[in-house]
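Take a look at the structure below. This report goes through how its parts touch.

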Amino acid sequence: MPGYTAPLRDMRFLLNEFVDPARLRSLPGCEEMTPDLIDPILDEAGKLCSEVLFPLNRSGDEEGCTIENGVVRTPKGFPEAYRMYCEGGWASLACDPAYGGQGLPKSVAMLFEEMMCSANLAFGMYPGLSHGAYAALSKHGTQELRDRYLPKLVTGEWSGTMCLTEPQCGTDLGLIRTRAVPADDGTYRITGNKIFISAGEHDLTSNILHLVLAKLPDAPPGTRGISLFLVPKFLPTEDGRPGARNGVVCTALEHKMGIKASATCAMSFDDAVGWLVGQPHRGLAAMFTMMNEARLGVGVQGLGLAEVSYQNAVAYAKDRLQGRALGGAQHPDKPADPIIVHPDVRRMLLTMRAQTEGCRALALWTALEQDVALRHPDAAEREAADDFVQLITPVVKAYLTDMGWDSTAIGMQVLGGHGYIREWGMEQYVRDARIAQIYEGTNGIQALDLVGRKMGQHAGRYLRRFFHPVLAYIEARSETPAMEEFILPLSKAFGRLQSATAEVARRGMGDPFEAGAAATDYLRLFGLTALAYCWARMAEAALAKGDGEEAAFYRAKLTTARFFMQRILPQTGALSAQIMAGGAVLREMEEAAF
Amino acid sequence: MGASDRGAPQRSEERSVNQPRRHEAIRKVGVIGAGVMGAGIAAHCANAGVPVVLLDIVPGGAARAVETMLRADPAPFMQRSAARLVTPGNLETDLGLLADCDWICEAIVERLDAKRDLYAKLDAVREPGSIVSSNTSTIPLATLVEGAAREFAESFLITHFFNPPRYMRLLEVVQGPATRADAVATISEFADRRLGKTVIPCKDRPGFIANRIGGLWMQSAINHAFDMGLSVEEADAAMGRPIGVPKTGVFGLLDLVGIDLMPHVAASMKATLPADDAYVLGLREHPLIMRLIKEGRTGRKGGKGGFYTRTRDAEGKTIRRAIDLATGEDRPEARVALESLELRDLRQVAEHPDRGGRYVRAVLLETLSYAASLVPEIADDVASVDAAMRLGYNWRWGPFELIDRLGASWLAAALREAGRPVPRLIEQVGEGSFYRVQDGRLQYFGTDGAWRDVPRGEGVLLLSDVKRAGKPLARNAGASLWDVGDGVACLEFHTKMNALDPDVLAMIGRAIAMGKKGAFKALVIHNEGENFSVGANIGLALFAANIAAWGEIEGMIEGGQKAMHALRAAPFPVVGAPSGMALGGGCEVLLHCDAVQAHAESYIGLVEVGVGLIPGWGGCTAMLRRWSENPRAPKGPMPPVAKAFEMISTAQVAKSAFEAREMLILRPTDGITMNRDRLLADAKAKALSMVEDYRPAEPKTLRLPGPTGHAALSMAVQQQAAMGRVTPHDVVVCDHLATTLTGGPRADHTEEMTEDQVLTLERQSFMALLKTSGTLARVEHMLETGRPLRN
């Protein structure tokens, strides 16, 4: 049977040694964020995840959600677990204290999110969607809407959704058909069909708040004519209780490859009462503020699944006795050696670990910059941090979810045939991981976002927030012998990324096809270089600790860093060659020949 | 035997036929009426170096007009000293000043009796044989000279300038049946060569060409905007990019010229045109427009705004509002979102079913069919009509060029579909077009069905004609090299806004190499873009800086310095021929040419500090050299440094070629051409005149003051900073500029420095500045807003 323990030691390392803890504590509202405060929160979060959520993961997958007359039931144990989640105050962790939240920084909340994704991704979907709705409403909603709905989302009493996709439009939201007609009382009437709506209907909360993209009658064509509306399942009464049923129903549940305990709904809106959120026709911009956060959240899903898969693969590799080490028996007392003695098994486990820990570092760095972007008193600092978050969001989403898929597949491989059968739980991680590469903008779209929008924004200003600090870091350590084995490969990858960036920008200006042709390889090159930077910094932090109390932890860090530099980062050479080869060959194939 | 001897035969040839060049026959000009037009015409004659008498009916009015013009922006004078050529006077007492004027231009109130009275007075004082013209825009010539003495009628014509006279290149000239041919020729040549105008002969019909068609277009655009329910923003956007009208569109243009002008123009057209003319039939009084006029909201000049208003809120932020044509209420300006207006192909726009497309179609049908129905009534040919609309209304394409873009047969079908008559000329063209290129020559379709070359003035050489006729000697994405005849090559920039990028630099290198191999004997650097060059491509530099590609940027600076050096060291003459803006790197190109022949409307300067940088392609070094070589500058190492520092640190831009000469960006030996169409020919002649015994300029050494000079400049900057005149980042930029111009920390005025040493300092300062966040923010702001950031 699989198990899960939150990687608390690594999380503390990142919070206190990888990033500068003073940076977080210098932010207004974060002055108290010392280990004394954070560690117990993470401990408790870890407990909730391993003891309450994790045990429901396999059963939830087996049972799935059911629908009967428009009523959706989540798997057994989910409503109770959700109640515990809310009662523990976990829903309000990173919310604004003005609405009853605890005001914790993203950099702490992100670590909790990772644990939930490891323990039970399908369960995590429900509060995750509420979070998106909370973000959109708190940023774009009127005071009245905020006062009425935010406290309910903060307690977890009500949940939220994001209703974007329609049968004829996924990526291209300009094609939306759902209509919104103004009513006399300042509200709107929403009519249309939405599909793939996560948490669209369920039995965890007493009300559900749908954030719906629709078109007003005078909407300009395309994406500039989309508006955002809030449509509650039950219209709230004056005293804030769910009142009359609104014209929105779940018509069907999708049957999917993974995250089966998450209700993926087809929703029908029929003259449903809605309130405008933000400006008319500016809905996509409003939606994007929550989409950016959601994309980072999806990246963390890949991370969480990779972590739990790694833990179980390690347990199995240490336990499973099979054959002998290539150089001779290492455990002659036992009938066979555990498979962890084999170089290829070690390669697999180290690959998972180096990627997972590297990605966790990148995700935390990003979360910290989000905190700076939100809270720093100096506008220039906020801008710089937000630039970085904008730039790195598609990288985090796509790289971390690709990594999640690769790692869970490797984890399954370590278990051999046992990985492929349901009992061990490893194949569920693979299935659950797959969707993260697809939703919230496919990873191909993320790559286009990176080269098409983020790269050229403000003549490359976003890029500055990555390239300048990384180059400064490399230059400052070029004379430190102990760091040489990390700095040299980092600097090589950085040079490749620099050349590729210049080349993709140059070609892309003349011919967008070229930018599109390079996009996915470029994003991967970017992700690897970002991870190399994180690993160099983690190695430096580990070197500083030397032979202290937890020498083994730091030694393992250094070894993993070395593995990343020696056995993963060289992929940048191949990616760089692929990028430089250009897109001609993609264009060359005639459509009919496919 | 020197150069003067070789030049002699040409001159004696001229003398032998004993015919002075016609434009030299105008030695003094009289302008009557010191309103906006009269004063502007007088100022522009002074720009040409011709003495002018400016008389006004109001005592002191002319002198005040000159004073006002010296403060005006855009400036009517090309240099302040030109104002000294204008003698102001009063119509009552100073009429005698006109006695020795070769040309008297009347620009008084548009009233027939007033004009006739004046002409009678003029006839009493003017020299026989002198030429008289009226700047009227509404009164037919025949009416003006009715009953005048024969000699007066023979000497009389209409010269219709456009506002502002210095800047608008169109001059409509109307002659009467009695007008002497040589009077027309003299004025036309003077206007062409000295005033730089394109002279378009017009028939004596109301509104001549430009205002007749332009007026109908405005009326049509206004009427349809009301009828079809477009907002003013939508109407202006529809007229802008799709049709090629300046971005003010129609309502923005009304705001600019004054909404109150409308009824006057309408009344005069109604009085002079037949009642069944489309112009008269379309005349309407829109209550909203009449209300605006009544309320004194006549546009930008009244201060109350017009269709658009701009006010500032408490925080000083600009609030833009526009009037709702339906309700007459002001509301916030709105962004235009019409699918039709995103299309590039004009026909697709006009066929689009949304209100933008229907509007464009309606206005085009009306305007273009009207234009087609007026040839040959108002002008002999379509080419004249197109030129008049391009130069008088700043349209990108004239009406017949627009018809070609739509297709004449498409227009005919669309007119029939709309139940409108199809003008004969359009029937005549049938499936064909109004323009074609035949054997490399641009030709237009004549009213007799024959093709004729689009006329070019005598001696005019246009690069576009050269390009039409042949293939370039060399070409890449940023620049091309053309053979412009007689062994002269022309280097043309053709990047966006003619920004200088690695492609352009590579082509400079290629051109120099080809010239060294004898492919040509002189090089002209010229293009027909709106601007000669706006400088180095800072977008590329910023992107490279953002990804910390410092080596690449340093390579770009060094490459630029090498290219500039190659221009100067080439074993053949290189002549720069700018028109429009030549900023930053564009200015540095000119500073490294052996000679410059500049269009008078050239705006040149080293503006790098605006983006937080300093000139890095030898601009600092070149200005130090210019001021050191200037015989009038005070002696010692400091004055050249101080002069160069003043000019570069304030990003001073010459507002004309004459001002550039005052700033030593142009040398006294550099030439100025008034007519843009003659620039290339003049530059080519200048280049050819330098070919014989050409020796490239030797590198000079400089004596620079070093740290003491730096301290003096820093002190001056600190004083400015204390007074709040410079920003914190200005101080940083000025410090690097001062270091470069004073020769760096080890310089000493007792020792000579090489140009290479100063160039190294330029590079170092440039790189250091590009690594500051203040400079990166400035570059980004300039790229995104087109305005400098004051950080």
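## Inside chain A: salt bridges between two domains

Three salt bridges span the interface of domain 1 of chain A and domain 3 of chain A. The model is predicted. A:Lys545 pairs with A:Glu17 in a salt bridge, and their closest N and O atoms are 3.9 Å apart. That passes the rule because the cut-off for a salt bridge is 4 Å.

Polar contacts span this interface too. Five residue pairs are in polar contact, with both residues at pLDDT 80 or more. Now sort the side of domain 1 of chain A that touches domain 3 of chain A by class. That side has four nonpolar, no polar and three charged residues.

## Where the domains lie

The contact involves seven residues of domain 1 of chain A and nine residues of domain 3 of chain A.

How much area is buried between domain 1 of chain A and domain 3 of chain A? The value is about 770 Å², and carbon and sulfur atoms give 62% of it. Which residues of domain 1 of chain A lose the most area to domain 3 of chain A? They are A:Arg9, A:Phe13 and A:Phe18, which together make up 69% of what that side buries.

## Between the chains: area

Next comes the interface of chain B and chain A. Here 17 residues of chain B are in contact with 18 residues of chain A. The buried area is about 1,500 Å², with 57% from carbon and sulfur atoms. In chain B, the residues that lose the most area to chain A are B:Phe543, B:Asn546 and B:Ile547. Together they account for 40% of what that side buries.

## Between the chains: bridges and helices

The count of salt bridges between chain B and chain A is three. One of them joins B:Glu342 to A:Arg224, with the closest N and O atoms 3.5 Å apart.

Which elements give two or more residues to the side of chain B that touches chain A? They are helices H22 (538-546), H23 (550-569) and H32 (773-785) of chain B. H22(B) gives the most, with five residues. By class, the side of chain B that touches chain A has eleven nonpolar, one polar and five charged residues.

Note on methods: Residues numbered from 1 in each chain as written. Chains lettered and ligands numbered in written order. Predicted model: local features only at pLDDT ≥ 70, side-chain atom pairs only at ≥ 80, totals over all residues. Heavy atoms only, no water. Contact = heavy atoms within 4.5 Å. Buried area = accessible area lost by both parts, 1.4 Å probe. Salt bridge = Lys/Arg side-chain N within 4 Å of Asp/Glu carboxyl O. Helix = DSSP H or I, 4+ residues; strand = E, 2+ residues; numbered from the N terminus. Nonpolar A, V, L, I, M, F, W, Y, C, P; charged D, E, K, R; others polar. Polar contact = N/O pair within 3.5 Å; in protein donor to acceptor, adjacent residues only side chain to side chain.
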